Structures are given as C-alpha cells and as structure tokens.
Amino acid sequence: MARSVARRRRRRGEELVFPADVAVGPDGSVAIADWGLAEVILLDPDGEWLGPVMTRGEGPGEVQAPAALTWVDANTLLVLDFGTFRLTTLDLPSRAASATAVDPAFMSPVFASGEVTFVALQPDRTVWLEFPGRIEDGWEERSFVRWSPGTPVNDTVARSRARALERTTLAAWPRPLVGVGAETRVVSDPGGRYELTVSDHDGTTLVRFCHPGEALPLSPAERGEGAEGRMPDAWRSALRELGDPPKPAIISRIVVDADGRIWVQRDRPLPGTAGPHGTPGALHDVFLPSGRFLGSIRLPGDHRLLEARGHRVWTLHTGSLDESSIAALEIEGL
C-alpha cells in the first residue's frame, strides 16, 4: 500500500462553515459536526446530503458549538457540545434526544484558552481533551485528560512539556501524542522515538510497537526563514534565536479510524498553524491495531484527514477562499 494514490469520488458537502468532526456509521452514513453553523448534518452512505439533524439552540436535540461526535450504534449519535457543556444522545429514527451534563471544570480550561487542539469522544460517553498549562522559559505544560459521567476525578493519560511560542506549540519539538478510537487509545513515546502503545479502555496495554521511520527535515518556516507560513517578523526572529531541536519530532498527530487502524501523521504543522485537524497534504503511516505496518499515504494538497473506513477516507478540504467542505476519497490498495 506504500504511497497509494487518493482520488476524489464524492461531491463535497454543501453549506458548511467550520466542520469540527466527522463520524462514519456502521452502514456508511456520515455525520458532520459543524462548529460554525451550530449544526449536526447527515449524509447517506452514497454521500447524498440529508440535511441537519441537530440545529442551533439550547433545547433538547439542539447544539451551540458541536465539537465532536460518534456513533453509538446504527441509529444513535452521541454529540459533544462545547456551547452548552453537555453530551446529547440522539435517536435518529424518532429524533428523541437525552442530555448528560459535562463537568464545567473539565471543559473550562480549554474553553477559556480559545483553542481546541485535541478533542475525542467515545461511544461510552468518555470525552478526551488536551489541556493547556503553565508556560515557563518557553516550555508549556500540556496534558491529555479524559472524563466520563459518574467519574469524580479526571484521568490524565499523558503529560508533556511542549516547546511553545506565545502559547502556540512548536511541533518540531517531540512530545507524547494521543489518538483515540471507539475502543482503544494510542500514545506515542514521550522521548520522541517512533514507538506507539495501544491500550484498551481500561488502560491495559494491548501492544507496543516501533517503526524505523525518521523525522522529516525541518522546513525553512520551522527555522524562521523564508516567507512560508505568513508569520510575523517577531516569530521568525524568535525561531532563529531558538535554533533547531536536538531531535526533530518524527510524528505530529495520531488518528484512530473507524476500523481501529492507526494513522500517524509525519508532516509537522508550520508554526502558528496547529489545530485539531492536522496538516494539509500530509504523509501518513498506517498500521493495523496489532501494529502491523500497512504502508504510507500522502493526501492531496489542501486535504486534512478526519476519518477512514475500509477504502474510503474523509477529509476536510479548504479551498482558495478558505471555504470548507468534506471530501470522500477512495484510496487504492488500502
């Protein structure tokens, strides 16, 4: 499957503003959480637009800022809403909805920072966030934390010291990263080695494996050189003064898809462009949950990986005018 080619197969969605998350159901139906529209939109298995199943509001079955969603089963969606601090379980055939409050103390640190860098949701209503922290001497304390209803204490799964510039994490410096699937989580090595640990929901290690991949070369923008990235001059000066990391980060993001496969993003986001959706046109190494390496895939430019099932990959596509759309790509050999 090495260097398989992706080709567009489905028309893009319509009337999207800021798609925050995509989830693929057991029958191939696609749910989209659009933060900007404050809607949850449904596509049928053929990619046909079925319209919103949740719209803006504070009542049952309504949302303010949907950030993540997942399928509980073929007829049930679970949606995390940052605007109302709650989880909504939506039965699609009846449109009946029930809500579970999320501890404001859990969500407030991320909400107050103004930037969601990592969020994940599991069918059992476990919510995952990356917390910002204290900055000292150019290093920021970061932690991946999970919460679930009825749990009195938040569970910190991974901590790190991230090299930061004005509260923006610099991806060239290695740190542990987390990817979350429906039943498993994947954590990268805190020392920067290309080593991944796959655990079940209770934290029991299922497999730990290494890969011989090397870090991609630093780009001029990561060194504060050239015009790439449209960075302020003060940032360029700070990056040049900082110098290169002793060992550049080998990976920058982990995605666990609907089949449990592990997608490891190799390209690092440019300084100042980090976000929850990764780097456009990035190279990904793909592994089975067992750790078996399947191959590497580079997505087309301006496409960011959101989800995958079988031979199909769903991406966030950003156009020349910064317009957002969801594209479904067929991957040869996957």
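Select strand 18 (residues 184-188) and strand 19 (residues 195-200): these two strands pair in the antiparallel sense over 5 bridges. Strands here are DSSP runs of E of at least two residues, and helices are runs of H or I of at least four, both numbered from the N terminus. Two strands count as paired if DSSP finds at least two bridges between them. The model is predicted: local features require pLDDT of at least 70, side-chain atom pairs count only at pLDDT 80 or more, and totals for chains, interfaces and linings use all residues. Residues are numbered from 1 along each chain as its sequence is written, and side-chain values use heavy atoms, with hydrogens and water left out.

Within the selected pair, highlight V186, whose bridge partner in strand 19 is V198. Then widen the selection to the open sheet of 4 strands, which run in the order 17-18-19-20 with antiparallel pairing. At its edges lie strand 17 (178-180) and strand 20 (205-210), each of which pairs on one side only. From one strand to the next the twist averages 15°, the axes being lines fitted to C-alpha atoms and the angles running from 0 to 180 degrees between N-to-C directions.

The next stop is helix 2. Select W235, R236 and L239, which are buried in this helix; buried means under 20% relative accessible area, exposed over 50%, and partly exposed in between, with a 1.4 Å probe and protein chains only. These residues are on the same side of helix 2, because they cover an arc of only 100° around the axis; the arc is that of the directions from the helix axis to the C-beta atoms. On the face turned away from the buried side, select the exposed residues D233, A234 and E241. Helix 2 is followed by G243, which has a positive phi near 80°.

Now turn to charged side chains. Over the whole structure, a search finds 17 salt bridges, each defined as a side-chain nitrogen of Lys or Arg within 4 Å of a carboxyl oxygen of Asp or Glu.

Select R223 and D244, which form a salt bridge with their closest N and O atoms 3.2 Å apart. R223 lies in the loop between strand 20 and helix 2 (233-242), and D244 in the loop between helix 2 and strand 21 (253-256), so the pair ties together parts 21 residues apart in sequence. R223 is partly exposed at 30% relative accessibility, and D244 is partly exposed at 41%.

Move to D267 and R298, whose side chains meet in a salt bridge (3.1 Å, N to O). This pair links distant parts of the chain, 31 residues apart: D267 is in the loop between strand 22 (262-265) and strand 23 (283-287), and R298 is in strand 24 (residues 293-298). D267 counts as buried at 17% relative accessibility, whereas R298 counts as partly exposed at 36%.

Continue to R312 and E330, a salt bridge in which the closest N and O atoms are 2.6 Å apart. R312 belongs to strand 26 (residues 312-318) and E330 to strand 27 (residues 324-331), the two residues being 18 residues apart. Is R312 buried or exposed? At 16% relative accessibility, R312 counts as buried, and E330 is buried as well, with a relative accessible area of 11%.

Finally, select E130, E140, R142 and R175, which salt bridges with shared partners join into one network.
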